[in-house]
Amino acid sequence: MALWANQFASPLILALWSVADGKFRFRSARDVVEELERTSPNWRNQDYVNVNYRSHHGYTTPAEALDQLSRTVKHELDQHGGVEAIHSTRRRIVLTTLFPSGRVSTSETLGLSGSHDAKLILGEGWIEGDIDSYEVLALHVLAASLLLYEEVWVPFNSLRTCLDLLGDRLTLDLLDRGRLRPYSVNRGLGFHYFEGATTGRLVTFEHVSENSIAHRLKNGLRPEQVVHVKSLAKAVTIPAGPDADSIRTETLIDLRKPNIRAILGLRPHLGNTDEEPFWDAQLVNRMASMNLSSAVAAAVRADAIQLEAGMSRLSSEKYYHSLGLDRRFASTTMFDSVLRTTGAPDLGQLTQKISLQELCSLSDTIRAQDFRDWFWSSAAGLLGTGSSLTQTFLKQVETLVNQDIRAFRFSVDLKFRYLESFGSPYILGPIADRKPAFASTSANAEATISRQRMNWTMFRTNAIKNAGYATLPYDTCPCLSGAKFRFCCGRPVSKLWSH
């Protein structure tokens, strides 16, 4: 089995004919091995393994079976999808935190055991007022992702939100069929500081044995959902590749770039240290979270990362800088426009007329598959050039849902990696292996990041006062940078960076 699934092996299909229900079932060897690695890590040391062929692996008619077999083989042969091009048959997206209705904060502070004054700040770093709750609403994000992608990767701690929105049966069915793919990492990242100290730093930490995935899931679920812990934990994948130490190093390098510090709203005076004032801990975590999402996406060869608009703008700034694009050329203006001011189709709006459960069922139909094939083969390539596809897109969506949706206004532009769409490689320069592939449902990420910087300025001012610092504009800044407060952590909103 291991040889059949080797990366250098030709695609191998394991086929069965069920006498009981008259269906042809097949799975690829790589698909089987991936499941065994997740559910039975020691399978290679066993004499025998059990491989499940489920109902969704079965096809009744020869035509349907042949079509799905063709797609499976095509997917197995697709070595460039998610790396250099869009996947041709099984498109993947990596989602960040799924926000249930009303919750728009992600940061939490923990006291570390064994030390009365050590603190660890965790989370993506969002505080109240940072993000538009409509844009990141889990209801919309799940609906849009399942309609546009065959494989939706979600942080495993968002499984409770999935259960709440989709119900137990539908969530477990999506997990079973690989449509919903929860992910985790072995080690975490957070901001560590000591109470009473002014500064701290980004660190990695181990998830201790009692804080396993199953244990962490159990702590986050509702009492009536705990019965599913074992099934949920088995579905969680820890992708090979994302390394917390490497992500920490990458983040520290990013945070030394003036343009990244400016767009985040961090103090300009860093000096020769990697430490940051504790009142900016969430901004450090925000950068680390973005890099973690990118690492997971690279590991699973995802076509896109769904980022909140502010983080999407931060991502575009990072990749724009790393690609070294020359602003003298007109193509860079187009690149700016696509990466920074446009959004992804907000199919989540459909939940106003159609329930999420109905949309999930619809996403598994042949109609939905045809819609995805059309969108990624025909529409996506044109979107990168700024073409207007509004009317065409609406007609396709109406065909998909079989309803009149003229009342909806969809953003139909994408931010994504395929820089070949933007002009000659001689203008764009050499393209990095890890090309940016990110999307948001916001039409103007520039306005979002500007609002977030202003929001954080007010938060920082209050945090400094609450820490007991009574600073005047021309006093030395309490962050120990040596600069005056007015030109460091006390910068007025009017002095914040804008593009």
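Me: Ground rules before we start?

Reply: This is a predicted model: local features need pLDDT of at least 70, side-chain atom pairs count only at pLDDT 80 or more, and totals for chains, interfaces and linings use all residues. Residues are numbered from 1 along each chain as its sequence is written, and side-chain values use heavy atoms, with hydrogens and water left out.

Me: Sheet first. What is the strand order in the open sheet of 5 strands?

Reply: The order is β8-β7-β4-β12-β13, with parallel pairing. Strands (E, at least two residues) and helices (H or I, at least four) are DSSP runs, numbered from the N terminus. Two strands pair if DSSP finds at least two bridges between them.

Me: Which strands stand at the edges?

Reply: β8 (180-183) and β13 (438-439). Each has a single partner strand, so one side of each is left without a neighbour in the sheet.

Me: How many bridges join β7 to β8?

Reply: 4 bridges, and β7 covers residues 151-155. V152 has L180 as its bridge partner in β8. For V154 the partner is P182.

Me: And the faces of β8, covered or open?

Reply: Both are covered. L180 and P182 lie on one side, R181 and Y183 on the other, and all are buried. Buried means under 20% relative accessible area, exposed over 50%, partly exposed in between (1.4 Å probe, protein chains only).

Me: Which helix packs on that sheet?

Reply: α4 does, touching β4 (92-95), β7, β8 and β12 (304-306). Its direction makes about 165 degrees with that of β4. Axes are lines fitted to C-alpha atoms, for helices over the stretch in contact, and angles run from 0 to 180 degrees between N-to-C directions.

Me: Now helix on helix. How do α11 and α18 pack?

Reply: At an angle of about 145 degrees, with their axes 11 Å apart. Helix α18 is residues 445-466.

Me: Which residues meet there?

Reply: Q282, L283 and R286 from α11 meet Q452, W456, F459 and R460 from α18. Contact means heavy atoms within 4.5 Å. By class, that is 3 nonpolar, 2 polar and 2 charged residues. Ala, Val, Leu, Ile, Met, Phe, Trp, Tyr, Cys and Pro count as nonpolar, Asp, Glu, Lys and Arg as charged, and the others, Gly among them, as polar.

Me: What counts as a pocket or a cavity here?

Reply: The search runs on a 1 Å grid over the protein atoms alone. A cavity is a set of points where a 1.4 Å probe fits but cannot get out. A pocket is an open set with protein on both sides within 12 Å along at least five of seven lines. Lining residues have an atom within 4 Å of a point. Grid points are joined across faces, edges and corners, and a volume is the space filled by probe spheres set on the points.

Me: How many cavities of 30 Å³ or more?

Reply: The structure holds 4.

Me: What about L480, buried or exposed?

Reply: Exposed, at 65% relative accessibility. L480 is in the segment after α18, and its phi is positive, about 75 degrees.

Me: Last one: where is H75, and what does it touch?

Reply: H75 is in helix α2 (residues 62-77). It is buried, with a relative accessible area of 18%. H75 touches H87, T89, R90 and R92, not counting residues up to four places away in sequence.
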